[in-house]
Each structure stands twice: as structure tokens, then as C-alpha cells.
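Welcome! Try each task yourself before you read its solution.

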Amino acid sequence: WCPIVVATSIIDRRRIFTAANTKMSSEQSTDSTADGVPAAESEEALDLRSSMIMTQDWNLDVDSGELDDSPATVTDARQTFQNLVRSAIKYDTFKKGEADTVRRIIEHIELVSLKKSAEGFNRVNFSVGVLNCFFICWVLGAYPEHIWLLYLIEAVYFIPRKFYNMWRAKPLNQAFYYLDFCWFTNFFAMAYFAIIVISGIFGFNDDIQNGIREVIFKAALGVFCGVLVCANLALPFVACLFHDVNTMTGLFIHLMPPVVMYTFVWYNDRIVEAWPNLFNLSYLEDGLTYYGGTDSIASCSTAFYFTWWVIYVCFMLGGGGIDLPKKFKPDGSPANPRYDTVFHSTMRDGVCILIGKFFRGRSKADSLTLMETNMFDKIDFCLYMFFHMIASLSAIYISGYLCFKSIKRTRTLHRL
């Protein structure tokens, strides 16, 4: 029923677009500057350009025939919105009546965005999503020693399913999003648990030295309780939409690793008892230090982060990743891009404007042009990676430490 509601809303509001388009077309010839040279874009026009760029990542396109009975499809609405904005940004000023029209357009786009939520929204998907959340909570409360296995099993479904959607994403393929740090962290955790299970099955788990296990555990503790915990609080796309696999996968990779780490810290005795051939957590009894020395939690987590950092920088600068979404080649000819990256997506979400304003001396109009064409340079990327490093290390050294200190203090009180 949701697609029907969306289609109905589009039909009811199409008159707004028709009236707005007529008004803008009739006034376009009278709102130019002398000698036919357009004036600098107003702040309202720049904000509209920014909003239109961000809608390109909403994947609002529909397949042919999805709304066959509707005289106005979602694709038509999006194209109409783009045409109206292109006409609006030619004006040097906005009148009150035009501002009201813009607000109506934005309201319409909000209705169109319901289409994204409506995809996959049915009783089965919604019910499965809700039941899965309750199931995870039940396992965490009743059998915390098995939560790591549940994480591994569900990751085998969620991550490939998400990759399938990212591969088919429009207008750019999002497969390279999997190189982002949060994904890298989850892949590492999955690989570690898989190696532990396989080693236990074939009887050579003892070959994995306890020192290596301790280093991996310390790195995971700082990253999971630091970077991923802060990501859950800061990132707007980490949300709970039971019917949407993409959103739930984003929540899964950010929330489940800290939950798994919680069980290893608080229920390590039950884990060792349930899985004696897989885990040896004796280093937890010896005590861990968060700061100080190369074997501390902070040092191991920092080393893990910079391992990813170097790999990602090499891919973006040395492997051509920074050029993948660019719409033009160095000679100015069209590039016909196919792939997107997290860096370019984040820059299009408004980071480019902030970097241009505070660090590059770039006008907002120039930043919007870069956002429209993905023509970010290496300086933009270096600044982006610098702030990514500052944010991640701050999370490790502050949030991770607070979580560790809280755990340590509470365990001491329990012993007393």
C-alpha cells in the first residue's frame, strides 16, 4: 500500500510543480541583470543547488512499470524538481512568492523520499526485522556466550545482501564503499572468528599464539568501544528501519561489534566454558592497560587504524580511487564514471562546502560545482583523511577509554 500512497501524493501535488514551472518560466526573461549577464547566485539558490546534489544519493529512481497506473512516476517528479532548480538558480534574487514555491517543492521531495522507505516495506520484511531484533536481544540476555556466533552467522547474510544492493545502486556503483573503515573493521572481525572456528574444527587452534590473540583483542576493544560506538551516535544513516536491509545492515555493522566486545569482557568465563577449544581469554585475568607502552589497548587500536589508513590512502591516491566518480577527464572530456567512494559521497553531503570555506578559501558556488562533478583534488582528500584520523583517534582515546574505565571500575566493585 505504501507505493500507492506515494503515487497518490505525487498526483495530488503535481499541480504545484505545474504552477511553479509556469511562474518561473514567465519571469525568467525579466529577472536577469543588465546586458544579459547573470548576477552572482543568491544564498537561497546555492542552498537549492546543494539540496539537489544531495538528492542524487537518495536512489529515488524506479524501475520501468513500477507505478504503471500512475500518471506521474517518482522519476518524473525528480526530473521536474531538477528542472525547476536549474531554472531557479538563474535568478539573482528570490522573492517571497518564489521562496514559498521552493518550500512546496521541498515538501514534494519529502513525499517522494517515501518511495525509498516503501521499497521492501511489507508485512513479511517488517515482521522479520522486528523479530530479528528481539532475537538478538534474547540471545544477548540468555546466552551471551553465543552472541559472537550469531554475529558471524547474520553477517554472512547481511553483508552480501547489502553488497548486492550497492552494486546495483544508481547513478553510481557503490561497491567501493566496502573499503571504508567501519566495513574494514567488520571484515577483520569476521575473518578472525572464521579462522578461530576453522582452527578449532581441525584441531590446530593451539597454533595461534596467545600473544597474537591478545593483540587482536586489544585492538578490537579500542576500535569497537571507541570508533564504532561514536559512529552510532554521530552518523545519521545509522538507524533502525526494520524492513530496509540496507539501513539495518548499516546498523548491524556499527552496533553488533561493540555488543560482541561487551560479552567478551563481561562474560569471558561463560565463553571459555562454552567454547573451550576456541577461546583462551587468560589475558583478561592478568589485567589490561589502556594507556602506556606498545602493548596497551590504545597503541594496538591506533596501529590497527593506521593499517587501514595507509591502505585506503594508497588506493585513493595511488590506485586511482580519487578519479573514479569524476565526470571529466584531465583534458576536459566527459569521463562517464561508474563507481563512487565514501570520500566522494561524504564530500557531496556538505563537507566540501565546509572545507572550501574554512581551509581552501573557496566560494560556496565553486564548492557546489565540485560537488556536482566530483572533481575533488588531492588537497581535499588529504584534509578529509586528516579530520577522519583526528575523529577516529579521539574516539579511541576518549570514548574507548571511558568504556574501558567503566568496565574496570564496575568489575572491581563486583569483586568487592
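**Exercise 1. Find where helix 6 is kinked, and describe the helix around that place.**

Step 1. Look for the bend: helix 6 has a kink of about 35°, centred on Ala155. The bend at a residue is the angle between axes fitted to the seven residues ending there and the seven starting there.

Step 2. Before going on, note that this is a predicted model, in which local features need pLDDT of at least 70 and side-chain atom pairs count only at pLDDT 80 or more, while totals for chains, interfaces and linings use all residues. Residues are numbered from 1 along each chain as its sequence is written, and side-chain values use heavy atoms, with hydrogens and water left out.

Step 3. Check the length. Helix 6 covers residues 147-167, and its 21 residues reach 29 Å from the first C-alpha to the last, close to the 30 Å expected at 1.5 Å a residue. The expected span is 1.5 Å times one less than the number of residues. Helices here are DSSP runs (H or I, at least four residues), numbered from the N terminus.

Step 4. Look for the buried side. Ala155 is one of the buried residues of helix 6, which also include Trp148, Tyr151, Phe158 and Lys162. Buried means under 20% relative accessible area, exposed over 50% and partly exposed in between (1.4 Å probe, protein chains only).

Step 5. Name the partners: the buried residues of helix 6 pack against helix 5 (123-142), helix 7 (181-202) and helix 9 (245-266). Contact means heavy atoms within 4.5 Å.

**Exercise 2. Which residues of helix 5 are buried, and what do they pack against?**

Step 1. The buried residues of helix 5 are Gly129, Val130, Asn132, Ile136 and Val139.

Step 2. These residues pack against helix 6 and helix 9.

Step 3. For the length, helix 5 has 20 residues and reaches 28 Å between its end C-alpha atoms, close to the expected 28 Å.

**Exercise 3. Describe how helix 7 packs with helix 8.**

Step 1. Recall that two packed helices are described by the angle between their axes and the distance between the axes.

Step 2. Helix 7 and helix 8 (residues 210-234) pack at about 145°, with axes 12 Å apart. The axes are lines fitted to C-alpha atoms over the stretch in contact, and angles run from 0 to 180 degrees between N-to-C directions.

Step 3. Pick out the contact: among the residues making it are Phe181, Phe188 and Tyr192 of helix 7, and Ile216, Phe224 and Leu228 of helix 8.

**Exercise 4. Find the cis peptide bond that involves Pro171.**

Step 1. Go to the loop between helix 6 and helix 7, where Pro171 lies.

Step 2. The cis bond joins Lys170 and Pro171, with omega about 0°.

**Exercise 5. Is Asn336 buried or exposed, and is Asn374 buried or exposed?**

Step 1. Asn336 is in the loop between helix 12 (297-318) and helix 13, and its phi is near 55°, a positive value in a residue other than glycine.

Step 2. Asn336 counts as exposed because its relative accessible area is 66%.

Step 3. Asn374 lies in the loop between helix 14 (364-373) and helix 15 (378-415). Its phi is positive too, at about 60°, although Asn374 is not a glycine.

Step 4. Asn374 counts as buried because its relative accessible area is 4%.

Terms used
Helix = DSSP H or I, 4+ residues; strand = E, 2+ residues; numbered from the N terminus.
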